[in-house]
Amino acid sequence: MTLASSRIPTESITVAKPLGILPSHPSREISRPVPKHVLSRRGAISFSSSSSLFGAPDPRQLSQRRGAISYDSSDQTALYIRMLDVRVRSQVGFEPERRSSHPYLCIDFRNLHTRLGGGSETTVSSAPERRVRRLLSLQRFLHSSRLLRGLAQHNPLPILDEDYSGQARCMLEKVGNWNFDIFLFDRLTNGNSLITLTFHLLDQYGLVELFRLDVVRLWRFLVLVQDDYHAHNPYHNAVHAADVTQAMYCYLREPALSKSLTSYDILLGLLAAATHDLDHPGVNQPFLIKTDHYLASLYKNTSVLENHHWKSAVGLIRETGLFTHLPAEDSMSLERDLGSLILATDISRQNDYLSKFRLHLDQNNLCLSNASHRHFVLQMALKCADICNPCRPWELSKQWSDKVTEEFFQQGDVEKKHNLEISPLCDRANNTVGKIQIGFMTYVAEPLFAEWSRFSDTRLSQTMLGHMGLNKASWGSQEQSPSPDPPPPPLAQASPKKNLREGEYPDAS
């Protein structure tokens, strides 16, 4: 809780006691409400992830506070769209569940934002505009609830020096290696792979100095980004974001790109990779649509998750003031370009981007001195990085395959429990990891990486195609004769399942 006024009520002042007799409890009881004279102070209080002393606020209560926040359920341009309160959707007759059991089932999104202009019908007070300093996403809400119950934080953030010590530092020296083990790196950084990796890459490119980024603000931004990935998601979590960021770095180093990209392009690409799945609920777009989810209505059933990831990233950029030192036009342009990259990861638009990419290659008219062409190539690079798991070595690829399939199956379990139509490939009774992976490689990954290798015919591209062929053959061998972790056989073509199509795949990005 931050106080805008320097005047402090006398009743909130406590006299320090000698060390030996300090009370074991805070001077203000947790259950004690905030004094009315404090709440009524214009712009006095804003809640943060560390301000949960008085409990997680209800959005409607916040919106009634003078100079606090307002929300509009139909405004797609809202600055903040956060997963805030846990609520049951009555339209499909869901029964309340424990918060730790499929928490995405009970999420109700709230579109919270500061008043960006006058005359808004949703503003409940005529008080002057005020920036909201902190809003609770679902992750921070759950964390604050654990604090209120007296439970220890699960993964405390280590200090900066510990992040860069020992083996983690050695691994960063080989961050451009395609065999980079992000799972090991995440363990070595105590679960902070996304923060550590992204900060290192930005610094290695000299972007921190070039764009005059405040190191404290940058670090806080990365901490909040990692915090807003849902650790309980088997696949769409911060480790996936770190893996995509590392893959994006490998693509940025390819000769076709490294000779043409500007520093702005590199900054944009790394930020987009780190935030491309921000605040992902662990279910796909069709699930949100058929459960009449708030976000599906907000974005009119179009690129629902991708729009949410983008708006969440913009919210954190503005909240931390990462680019406030830049001209307003430049920062707004960066936000728009960031959205363009993140929206390109929508798997349902795969054919649109792939057809355009193929046409450019057929006509040989990609000119990377053209800003729009460079941006399009960045979109394709991010799409490749997002679904590059089949192109990793078997030891890494199999782990990702198991994780993404488990997330599919968890969604199917929820759909089955509540008598909803089970989404394609989400029924664990009728699908296997190998069957899903062979289909995904055949209809989604192989066409994309075949075109990428035409654009960038390098050793890395051939390595990726080689790994994908070996992994596909390995899964085919496992489907024919199930056995735990068979070694990758020689490259062979497995027969694809004809009932799988690109459009049937859940969001595996």
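**Reading a helix and its rings**

Tutor: Asparagine 364, whose phi is positive, near 50°, follows H17. Helices (H or I, at least four residues) are DSSP runs, numbered from the N terminus. This is a predicted model, in which local features need pLDDT of at least 70 and side-chain atom pairs count only at pLDDT 80 or more, while totals for chains, interfaces and linings use all residues. Residues are numbered from 1 along each chain as its sequence is written, and side-chain values use heavy atoms, with hydrogens and water left out.

Student: Which residues are buried in H17?

Tutor: Buried means under 20% relative accessible area (1.4 Å probe, protein chains only). In H17, this applies to Gln350, Tyr353, Leu354, Phe357, His360 and Leu361. Seen down the axis of H17, the buried residues fall within an arc of 125°, so they line one face of the helix; the arc is that of the directions from the helix axis to the C-beta atoms. These buried residues of H17 pack against helix H16 (328-343), H18 and helix H20 (433-455).

Student: How many aromatic pairs does the structure hold?

Tutor: A pair of aromatic rings is described by the distance of the centres and the angle of the planes. Rings of Phe, Tyr and Trp (its six-membered ring) pair if their centres lie within 6.5 Å; planes under 30 degrees apart count as stacked, over 60 as edge-to-face and the rest as tilted. The structure holds 12 such pairs. The rings of phenylalanine 183 and tryptophan 400 have centres 4.6 Å apart and planes at 40°, so this pair is tilted. Phenylalanine 183 and tryptophan 400 are both buried.

How values were computed:
Buried < 20%, exposed > 50% of the residue type's maximum accessible area, 1.4 Å probe, protein only. Helix = DSSP H or I, 4+ residues; strand = E, 2+ residues; numbered from the N terminus. Contact = heavy atoms within 4.5 Å.
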